[in-house]
Amino acid sequence: MSGETNLARLLQSMTPQLNPGQYVFCCVAAEHDCSNLQPIASLREAEGLSLVLARESADRHGLSYDYVAAWITLQVHSSLAAVGLTASFSAALAQAGISCNVIAGFHHDHIFVPVECAERALSTLRALSAVSLPEPD
């Protein structure tokens, strides 16, 4: 089943959900054994392997970080080819003064916001969803 591409439908049905816990972004050497870290996401960059993982895991393994985030998942199945979803919610969060780091999964978009802004981010996303008007196909 392919994901939704209609921006209005995406915004109306994005249904943001706050995942429990706190999450951090870390960077380890590319050859680092990550088998015990259980990252949420990873990305190989020239400087090393970027990881998103539970704060407890980073602490347990002595990994450094400087950004503690809450993880919000948009429950709508968005197409990777959809245009405007990330721009819309990131603009709404920016207007509210909330930074966001976005990771697109195959089915859903995942937004990491400062942990102290989690509830305000949820409110902002829900408000955006509530005011989105349908567009013709």
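Is T5 buried, exposed or partly exposed? T5 is partly exposed, because its relative accessible area is 47%. On cut-offs: buried means under 20% relative accessible area, exposed means over 50%, and partly exposed is in between, with a 1.4 Å probe and protein chains only.

Before I go on, the ground rules. This is a predicted model, where local features need pLDDT of at least 70, side-chain atom pairs count only at pLDDT 80 or more, and totals for chains, interfaces and linings use all residues. Residues are numbered from 1 along each chain as its sequence is written, and side-chain values use heavy atoms, with hydrogens and water left out.

Now the overall picture. The protein chain has four helices and six strands. Those are DSSP runs, numbered from the N terminus: helices are H or I with at least four residues, strands are E with at least two. Along the sequence the pattern reads α-β-β-β-α-β-α-β-β-α. The C-alpha trace spans about 50 × 30 × 25 Å along its principal axes. Of the 137 residues in the protein chain, 42% are buried.

Next, surface and contacts. The accessible surface of the protein chain is about 7,600 Å², and 54% of that belongs to carbon and sulfur atoms. The areas come from the Shrake-Rupley method with a 1.4 Å probe; for residues, only the protein chains shown count as cover. Contact means heavy atoms within 4.5 Å. Take the contacts with a separation of 6 or more: residues 24 or more positions apart account for 71% of them.

Back to T5. T5 sits in the segment before α1. Leave aside neighbours within four places in sequence, and T5 is in contact with L10, S79 and A82. T5 and A82 are 77 residues apart in sequence, yet 4.4 Å apart in space, C-alpha to C-alpha. A81 lies in the loop between β4 (68-74) and α3. A81 is exposed, because its relative accessible area is 59%.

Helix packing next. How do α3 and α4 pack? Helix α3, residues 85-95, and helix α4, residues 118-131, pack at an angle of about 130 degrees, with their axes 10 Å apart. That makes α3 oblique to α4. Axes here are lines fitted to C-alpha atoms, for helices over the stretch in contact, and angles run from 0 to 180 degrees between N-to-C directions. Under 35 degrees counts as roughly parallel, over 145 as roughly antiparallel, 65 to 115 as roughly perpendicular, and the rest as oblique.

The crossing of α3 past α4 is right-handed. By convention, a crossing is right-handed if the near helix is turned clockwise from the far one by less than a right angle, and left-handed if anticlockwise.

Who meets whom? From α3 we have S88, F89, A92 and L93; from α4, A121, T124, L125 and L128. By class, that contact has six nonpolar, two polar and no charged residues. Nonpolar means Ala, Val, Leu, Ile, Met, Phe, Trp, Tyr, Cys and Pro; charged means Asp, Glu, Lys and Arg; the others, Gly among them, are polar.

Stay with α4 for two serines. S129 is in helix α4. S129 is buried, because its relative accessible area is 14%. Not counting residues up to four places away in sequence, S129 touches L11, Q12, S13 and M14. S123 is also found in helix α4. S123 is partly exposed, with a relative accessible area of 45%. The C-alpha atoms of S123 and L63 are 60 residues apart along the chain and separated by 32 Å.

Now backbone angles. Most residues other than glycine have a negative phi. T15 is not a glycine, but has a positive phi of about 40 degrees. T15 is in the loop between α1 (7-12) and β1 (16-28), and is partly exposed at 47% relative accessible area. Q38 is not a glycine either, and its phi is positive at about 50 degrees. Q38 is in the loop between β1 and β2 (41-45). Q38 is exposed, with a relative accessible area of 66%.

Last stop, V115. V115 is in the loop between β6 (109-114) and α4. V115 is partly exposed, because its relative accessible area is 28%. Not counting residues up to four places away in sequence, V115 touches Q22, V68, A69 and A70. The C-alpha atoms of V115 and V24 are separated by 10.0 Å, at 91 residues apart along the chain.
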